[in-house]
Amino acid sequence: MSIDWAALGSVFGISLVVTVALVGLFTLGIVGLSRQERAAAQGGSAALAVTGAYACFAACTAAVAYGIYLIVA
Amino acid sequence: MESFSLILAIVVVTALAFDFTNGFHDTANAMATTISTGALKPKVAVAMSAVLNLVGAFLSVEVANTISKGLVDETGIRPEVIFAALVGAILWNLLTWLVGLPSSSSHALMGGLIGAAVASAGIGAVNGDVLVTKVLLPAIAAPIVAGVAALLATRMTYSLGRKADGKASAKGYRAGQIASAGLVSLAHGTNDAQKTMGIITLALIAGGSLAPDSDPPVWVILSAGLAIALGTYLGGWRIIRTMGRGLTDLQPQQGFAAQTSAATVILASSHLGFSLSTTHSVSGAVMGAGLGRKGGVVRWSTATRMFVAWGLTLPAAALVAALAEWVCRAGDWGTALVAVFLVASSFAIWRISRREVVDHTNVVDTEEPGSDEPAGVVTTAMAAVSPPPAGVTEDLAATVPAPAATADPKAPSATTTV
């Protein structure tokens, strides 16, 4: 009986890294947007935070697109 | 399609019925977290999941083409064997739905195939190595992988997002959950609808109305996609409640982390050739997310019952399928007997489920059917229901006159299941 430990190991590693990275990025995006929300409430703006936030969301969208590509392909 | 015998028609209808149970059994995988955290209204969530399942069913026929190969030796398999396998799988799906426990529909189907093949061709018909590498190991690995990933992701999102609040944060987590739940739905459509297509195609080949090695015909793809979408839309609210509320209490952050982890694990595993069960991954992810929040708890009593159900899935479905195959072998009346038994017991399970209705109106209620109460209900239901898979089938021959007499009132259940 041959158990494909390499495949199992890579599923584990990749899932772990991708999940944590995605959730981390997305959270950073949310942090950026809520900083902007606070700044706007005080009449200021937080251009850097917003740019960063959208960059994070763009990366997440790319990951979702890649996920759909994996399903379709 | 000219040689479309009666048994073949029965197999196709039963396969679609299985697809339907598969749909409402697995709605929870995609939508339980989204519904329980309030990101989507229950009805909207199941509708979205149904549409994505339907779309997924049309995306490819890869899985359908591989389903028949590997686990059992398909040469000399008869439509009756496939019918018996489906009977085992459907009954187990309905029973676990009744007690509200998430369990793998794929395992039920595999168990059914194994049991029927063993009863038909002896123990040599099953490939033991494949059983361990494709069923046992993934069943243990999936919840661990998804659970650890969700746990770390939850920790991460809570510590990073300490400063996130207000509308932006609520909207963000909501969008994130919807996106990852959508991915899980789509993946489910491509995987599970195709399993049914594979089964129907296998039956058509076994019955001689399709040439070996042919792709599933369009009507098979269409009907399998519709059956799973319809099942998904009706929603297995009992299982959704267990997964979204029973295992742990989820906040939006946790729901997002859990669903992202599940989607990643499912896609990574199927892409890397080490397929993990959707149900096991999502359950593991939900528990991991429960442990990841400070003060979060996992209700281990519910989790234990779920693990027991996972362990029983394959042998129970196999046992029912083996008995069904044994009865089927008695000839046409045997097959008819099994068909009547299937319809009668499905109807009985549905009747029992009406005693305590769980639907989209009360699926997220925590007050009245709180964390303790459903536990009691589930325990008693489990205790009351667990024996039947073996017991009921054993006195099948003895009890058949009664269900046969009530054949007419069963018609509504037949239409809903098919």
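Which residues in α7(B) meet which residues in α8(B)? In this predicted model, B:Gly189, B:Asp192, B:Ala193, B:Thr196, B:Met197, B:Ile200 and B:Thr201 on the α7(B) side meet B:Val220, B:Ile221, B:Ala224, B:Gly225 and B:Ile228 on the α8(B) side. By class, the residues of this contact divide into seven nonpolar, four polar and one charged.

**Crossing of α7 and α8 in chain B**

- Helix α7 of chain B, residues 166-206, and helix α8 of chain B, residues 218-234, have axes that come within 9 Å and cross at roughly 130 degrees.
- Since angles from 65 to 115 degrees count as roughly perpendicular and those over 145 as roughly antiparallel, α7(B) and α8(B) are therefore oblique to each other.
- The crossing in which α7(B) passes α8(B) is right-handed.

**Helix α2 of chain B**

- Helix α2 of chain B, residues 42-59, has 18 residues and reaches 26 Å from its first C-alpha to its last, which is close to the 26 Å expected at 1.5 Å a residue.
- Among the buried residues of α2(B) are B:Pro42, B:Val46, B:Met48, B:Leu52, B:Asn53 and B:Leu54.
- The buried residues of α2(B) pack against α1 (6-36), α7 and α8 of chain B, and also against α2 of chain A.

**Contact between chains A and B**

- In the contact between the chains, 32 residues of chain A touch 45 residues of chain B.
- On the side of chain A that touches chain B, the elements giving two or more residues are α1 (5-41) and α2 (47-72) of chain A, and the largest share, 23 residues, comes from α1(A).
- The residues of that side of chain A divide into 22 nonpolar, eight polar and two charged.

Methods
Residues numbered from 1 in each chain as written. Chains lettered and ligands numbered in written order. Predicted model: local features only at pLDDT ≥ 70, side-chain atom pairs only at ≥ 80, totals over all residues. Axes fitted to C-alpha atoms, helices over the stretch in contact; angles between N-to-C directions. Helix = DSSP H or I, 4+ residues; strand = E, 2+ residues; numbered from the N terminus. Parallel < 35°, antiparallel > 145°, perpendicular 65-115°, else oblique. Left-handed = near helix turned anticlockwise from the far one by under 90°. Contact = placed C-beta atoms within 7 Å. Nonpolar A, V, L, I, M, F, W, Y, C, P; charged D, E, K, R; others polar. Expected span 1.5 Å × (residues − 1). Buried ≥ 20, exposed ≤ 12 C-beta atoms within 10 Å, placed from the backbone.
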